[in-house]
Amino acid sequence: MAQSYAFRHQPWKGLYLTYQLIVSVCVRFPLWVLFNLPSSWRPLPTWSLKRAIMVNVVRRFMETTAQTGNFLPVPNHLSIGSGRNVNGVWVAAANHLVTGELKQWADIAGVSCVRIPGYWYQKKGASIKPTAPAQAGEKIFCAFHGGAYIKLSAHPKDPTAAIARGLLQRVDNINRLFSLEYRLAVSKPFKPAHPFPTQLLDALSGYNYLVNTLGFAPENIIVVGDSAGANLAHALVRYLTDYHGSSEVDVPAPPGGLILLSPWADLGKSHEILPNGAAQKAVPTDYIGSRYGDHEYAKDAFTGPHGRGAAEINPYISPASLHPSLQVNFTKFPRTFIIGGGAEIIIDSIRTLKERMVRDLGEGNGVREGEGKVRYLEAPDAVHDYLIFTWHEPERTQALKAINEWVNAS
């Protein structure tokens with residue numbers, strides 16, 4: 001595997017980007033078109049020519065940034081990013097809500113809650129001010145962006161903002177979405193920073209802001225995350241279900257719903273080594289998982305001082321791990337909607353997560369009861385985190401419509 005961020009310094013970064021641009025425009029793109037013209041030559045014959053090419057473009061972009069880092073500055077937790085219609089706010093640290101294992105993990109990592117930004121998204125035409133206190137009975141989305149815990153942003157100009165806009169456009173009766181700018185993990189060759197549970201501490205601060213500052217009733221909050229953001233959404237809900245009602249701290253009640261979009265549910269190796277598993281079979285059909293990517297760097301950055309072993313057995317990190325020492329239970333979780341793509345490399349772990357949630361939420365009442373509390377949608381030919389991509393149709397629109405039906409069925 002190529003070393004991550006090998007061309008992060010100038011002038012090598014500029015030279016590498018120039019080389020990649022020239023080769024992609026003059027060589028790769030024509031070849032992508034040529035070799036995908038016959039539908040039978042495409043990674044999946046059901047794909048359109050446009051999709052086949054776009055997946056190649058996204059894959060190449062991710063492989064390049066894994067060597068150079070971001071092309072342009074990206075908003076982060078240190079300041080509120082500027083821009084048109086950017087409704088950024090500062091979220092106060094919630095150290096008073098940290099207890100139990102979370103406090104132990106935070107002490108090991110040397111991290112604590114800090115003030116961080118968050119961004120409000122508003123439905124077009126809505127009259128309520130984005131940052132206003134909760135209205136009576138108002139439902140809201142609390143969102144966490146993807147990016148393997150090492151990249152991307154909650155800022156409205158980020159690519160993952162397409163999910164927020166899609167939800168507000170398609171979901172009736174929800175006019176606002178709050179997206180938290182959690183701290184990103186960093187590993188060598190940079191100075192290591194912000195390992196687990198940094199992001200969970202930030203998520204807790206964001207949830208506390210909605211409940212105890214703006215007055216949203218927990219049952220009216222729907223926590224949503226995509227990819228690593230879905231991993232974080234799950235971890236937040238697990239902490240709330242584990243410690244709400246604790247005699248030590250006044251942890252808020254869990255949310256009324258949870259939406260996991262292509263959740264990164266196993267950061268360990270258990271699903272990657274499955275014989276004939278998607279981790280190998282789906283490499284040609286997904287844009288993540290390339291040997292030139294930075295997913296291994298992401299695992300090192302996120303687990304930090306806890307070590308890679310934590311990714312095998314910690315239910316907050318890998319709730320779908322197949323490691324025999326993992327102890328995980330979902331009996332206290334709220335109703336959940338899980339979405340996956342049949343062409344993504346982590347679909348095996350997503351299916352494992354779904355099966356465990358159905359089993360536990362139906363405990364005592366059978367699988368049918370569990371399936372009633374866990375909605376699962378798998379688009380057979382969809383790539384990882386496909387709700388980001390406006391060109392990924394009709395699956396994207398179908399998923400958003402299904403989410404609308406699920407939200408309003410509660």
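This briefing covers the overall build of one protein chain and then some of its local features.

The model is predicted. The protein chain has 12 helices and eight strands. Its radius of gyration is 21 Å, close to the 22 Å that the globule rule gives for 410 residues, so the chain is as compact as a globular protein of that length.

**Overall build**

- The C-alpha atoms of the protein chain fill a box of roughly 60 × 50 × 45 Å, taken along the principal axes.
- Of the 410 residues, 57% count as buried.
- Among contacts between residues at least 6 apart in sequence, 78% join residues at least 24 apart.
- The accessible surface of the protein chain comes to about 17,500 Å². Carbon and sulfur atoms account for 55% of that surface.
- The protein chain carries 40 positive and 33 negative charges.

**Helix 1**

- Helix 1 covers residues 12-36. At Ser24, helix 1 bends by about 45°.
- Ser24 is also one of the buried residues of helix 1.

- Asp202 sits in helix 5, which covers residues 198-213.
- With a relative accessible area of 0%, Asp202 is buried, because buried means under 20%.
- Setting aside residues up to four places away in sequence, Asp202 touches Ile116, Leu180, Tyr182 and Arg183.
- The loop between strand 4 (176-180) and helix 5 contains Pro197. A cis peptide bond joins Phe196 and Pro197, with omega about 10°.

**Another cis bond**

- Most peptide bonds are trans.
- Glu393 and Pro394 are joined by a cis peptide bond, with omega about 10°.
- Pro394 lies in the loop between strand 8 (374-379) and helix 12 (395-407).

**Positive phi angles**

- Most residues other than glycine have a negative phi.
- Asn173 is not a glycine, yet has a positive phi of about 70°. Asn173 lies in the loop between helix 4 (161-170) and strand 4.
- Asn173 counts as exposed, because its relative accessibility of 62% is over 50%.
- Ser227 is not a glycine either, and has a positive phi of about 60°. Ser227 lies in the loop between strand 5 (221-226) and helix 6 (228-243).
- Ser227 counts as buried, because its relative accessibility of 10% is under 20%.

**Gly147**

- Gly147 lies in the loop between strand 3 (140-144) and helix 4.
- At 12% relative accessibility, Gly147 counts as buried.
- Gly147 touches Leu152 and Ala228, not counting residues up to four places away in sequence.
- Gly147 and Ile288 are 141 residues apart along the chain. The C-alpha atoms of Gly147 and Ile288 are separated by 11 Å.

Terms used. Residues are numbered from 1 along each chain as its sequence is written. This is a predicted model: local features need pLDDT of at least 70, side-chain atom pairs count only at pLDDT 80 or more; totals for chains, interfaces and linings use all residues. Side-chain values use heavy atoms; hydrogens and water are left out. Helices (H or I, at least four residues) and strands (E, at least two) are DSSP runs, numbered from the N terminus. The radius of gyration is taken over C-alpha atoms; the globule rule is 2.2 Å times the number of residues to the power 0.38. Buried means under 20% relative accessible area, exposed over 50%, partly exposed in between (1.4 Å probe, protein chains only). Contact means heavy atoms within 4.5 Å. Accessible areas come from the Shrake-Rupley method with a 1.4 Å probe; for residues, only the protein chains shown count as cover. Lys and Arg count as positive and Asp and Glu as negative; His and the chain ends are not counted. The place of a charge is taken as NZ of Lys, CZ of Arg, CG of Asp or CD of Glu. The bend at a residue is the angle between axes fitted to the seven residues ending there and the seven starting there.
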